[in-house]
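Try each task before reading its solution.

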Amino acid sequence: MNDNAKFRIRPAEPADAYPVSLLMYEAIGDIAHTIAGTTDLPDTLAALEELFRQPGCRLSFSNAIVCEDQEGGIAGFALGYAGDDAEALDEPLLRRLREQGLPTDGLVPEARPGEYYLDSLAVSGAYRGAGIGTTLIEAFERRAAELGWRKAMLVVDRANPKARALYERLGYREDGSVELSGHLYDRMIKPV
């Protein structure tokens, strides 16, 4: 980051649900509708907030870190978890979809066992270009290493070459592909 004194990385808290849900929607787009079982934006954002507040859920605050500005506002976030835990972390999402009578086949695991997965990352528009995305990825990688994982993994939409260039610059390399909510993503991995 250009000026580290202006920002701090910290574990996310349930109270961060609203600003993080907005950023999360920006990061995952259509996938949010699939996960939430919703079609309109207000319902989707409400579902993301609810899921973020739940421990033991893929989208939980307990899996997230945030970058806070000097006033305590959320400048960005990163959410990550172990691929080994994906099935258990998806259960609250699957239960929600089943309770609504919706199909669950759209919810597919992105990570494989042995990988620490960067599920989503976003930086608020006002802070883009300040190095926050890189700082969040580095914090995610440190967290993976501290937890004993040897491989970090993320997916990048093939329609987002700018993000892919960042990940490649940080040492990520392509490792196959996955289709999520009708979009093709490249899996990218990096030793940590």
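**Exercise 1: Overall build**

Task: Find what share of the contacts between residues at least 6 apart in sequence join residues at least 24 apart.

Solution. Take the contacts in the protein between residues at least 6 apart in sequence; 68% of them join residues at least 24 apart. Keep in mind that this is a predicted model.

Task: Count the helices and strands, then give their order.

Solution. Step one: the count comes to six helices and seven strands. Step two: read from the N terminus, and the order is β-α-α-α-β-β-α-β-α-β-α-β-β. Step three: compare the radius of gyration with the globule rule. The radius is 16 Å, close to the 16 Å that the rule gives for 192 residues, so the protein is as compact as a globular protein of that length. The C-alpha trace spans about 50 × 35 × 30 Å along its principal axes.

**Exercise 2: Burial and cysteines**

Task: What percentage of the 192 residues is buried?

Solution. Buried residues account for 49% of the 192.

Task: Are Cys57 and Cys67 buried or exposed?

Solution. Start with Cys57. Its relative accessibility is 0%, so Cys57 counts as buried. The cut-off for buried is under 20%. Now take Cys67. Cys67 also has 0% relative accessibility and therefore counts as buried.

**Exercise 3: The cavities**

Task: How many cavities of 30 Å³ or more does the whole structure contain?

Solution. The search finds two. Why use a probe? Rolling one the size of a water molecule over the atoms shows where empty space is left.

Task: Describe the largest cavity by volume, lining and residue class.

Solution. First, the volume: about 50 Å³. Second, the lining: Ile31, Thr34, Ile35, Arg58, Gly106, Leu107, Val108, Glu110, Leu180 and Ser181. Third, the main contributor: helix α2 (residues 30-36) gives the most, with three residues.

Conventions. Residues are numbered from 1 along each chain as its sequence is written. This is a predicted model: local features need pLDDT of at least 70, side-chain atom pairs count only at pLDDT 80 or more; totals for chains, interfaces and linings use all residues. Side-chain values use heavy atoms; hydrogens and water are left out. On a 1 Å grid over the protein atoms alone, a cavity is a set of points where a 1.4 Å probe fits but cannot get out, and a pocket is an open set with protein on both sides within 12 Å along at least five of seven lines; lining residues have an atom within 4 Å of a point. Grid points are joined across faces, edges and corners, and a volume is the space filled by probe spheres set on the points. Helices (H or I, at least four residues) and strands (E, at least two) are DSSP runs, numbered from the N terminus. Ala, Val, Leu, Ile, Met, Phe, Trp, Tyr, Cys and Pro count as nonpolar, Asp, Glu, Lys and Arg as charged, and the others, Gly among them, as polar. Buried means under 20% relative accessible area, exposed over 50%, partly exposed in between (1.4 Å probe, protein chains only). The radius of gyration is taken over C-alpha atoms; the globule rule is 2.2 Å times the number of residues to the power 0.38. Contact means heavy atoms within 4.5 Å.
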